[in-house]
Amino acid sequence: MILFKLRCSAEHEFEAWFRDGAAYERQSTRGLISCAVCGDTAIDKAPMAPRLGRSAAASAEAPPSVQFRQMLRALRHHVETHCDDVGDRFAEEARRIERGEAVRRGIYGEASDDEVRALTEEGIEVGRIPWLPPSDA
């Protein structure tokens, strides 16, 4: 369904719903659309802004997907700033920390699904974070 803002030749504006743009064109061509105020059938589409279904307060905020990406980037920055990158040695280093063979600290790196499963089965707490690029550039 699509909502069009329409205008008659007397400049009355009104809105009408259509199945799609083609349905509007078929009805308009056949003169089946009339002005809600005066009954005129000389109807054209009026300029309109898209309606996104958000409240005035919510429209000032970024869309949730943008907010989520911003939070993931902030999380990545925090992890990179406060934790040690151990690369593909993540599982090995996590075990060393758990056994007390290495200083307890935050680490990040890469681990396969099997490595993460094994660490979890060993009782070593790990988490996966969607790792977005630092920017869209």
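How many helices and strands are there in the protein chain? Colour the model by secondary structure and count along: there are five helices and five strands. Keep in mind that you are looking at a predicted model. Starting at the N terminus, the elements follow the order β-β-α-β-α-α-β-α-β-α. Of the 137 residues in the protein chain, 23% are buried.

**Stop 1: the opening hairpin**

Select residues 2–8, which are strand E1, and residues 13–18, which are strand E2. These two strands pair in the antiparallel sense, with six bridges. They form a hairpin with four residues between them. In the turn, look for Glu11, whose phi is positive at about 70°.

Now show the side chains of E2. In a regular strand, side chains alternate between the two faces of the sheet. Strand E2 has Phe14, Ala16 and Phe18 on its covered face, while Glu13, Glu15 and Trp17 are on the uncovered one.

**Stop 2: charges on the hairpin**

Side chains of opposite charge can pair when their charged atoms come close. Select Lys5 and Glu13 to find a salt bridge, at 3.2 Å from N to O. Lys5 counts as partly exposed because its relative accessibility is 26%, and Glu13 is also partly exposed, with a relative accessible area of 39%.

Next, pick Arg7. Its bridge partner in E2 is Glu13, but the side chain of Arg7 meets that of Glu11 in a salt bridge, 3.7 Å from N to O. Is Glu11 buried or exposed? At 53% relative accessibility, Glu11 counts as exposed. Arg7 is partly exposed, at 25% relative accessible area.

**Stop 3: an aromatic cluster**

Searching the whole structure gives three aromatic pairs. Phe4 and Phe18 have ring centres 5.9 Å apart and planes at 45°, so this pair is tilted. Phe4 belongs to strand E1 and Phe18 to strand E2, so the pair ties together parts that are 14 residues apart in sequence. Both Phe4 and Phe18 are buried.

Phe18 and Tyr24 make an edge-to-face pair, with 5.2 Å between the centres and 80° between the planes. Tyr24 is buried, like Phe18. Together, Phe4, Phe18 and Tyr24 form one aromatic cluster.

Which ring does Lys45 lie over? Lys45 lies over the face of Phe4, 4.3 Å from the ring centre.

**Stop 4: a salt-bridge network**

The count of salt bridges comes to 13. For another one, select Arg105 and Glu93, whose side chains meet at 2.8 Å from N to O. Arg105 lies in the loop between helix H4 (90–99) and strand E5 (107–109), and Glu93 in helix H4, so the pair ties together parts that are 12 residues apart in sequence. Arg105 is partly exposed, with a relative accessible area of 29%, whereas Glu93 counts as buried at 3% relative accessibility.

**Stop 5**

Ile129 sits in the segment after helix H5 (113–121). Its relative accessibility is 35%, so Ile129 counts as partly exposed.

Terms used: Residues are numbered from 1 along each chain as its sequence is written. Side-chain values use heavy atoms; hydrogens and water are left out. Buried means under 20% relative accessible area, exposed over 50%, partly exposed in between (1.4 Å probe, protein chains only). Two strands pair if DSSP finds at least two bridges between them. Rings of Phe, Tyr and Trp (its six-membered ring) pair if their centres lie within 6.5 Å; planes under 30 degrees apart count as stacked, over 60 as edge-to-face and the rest as tilted. A charge sits over a ring if NZ of Lys or CZ of Arg is within 6 Å of the ring centre and within 35 degrees of the ring normal. A salt bridge is a side-chain nitrogen of Lys or Arg within 4 Å of a carboxyl oxygen of Asp or Glu.
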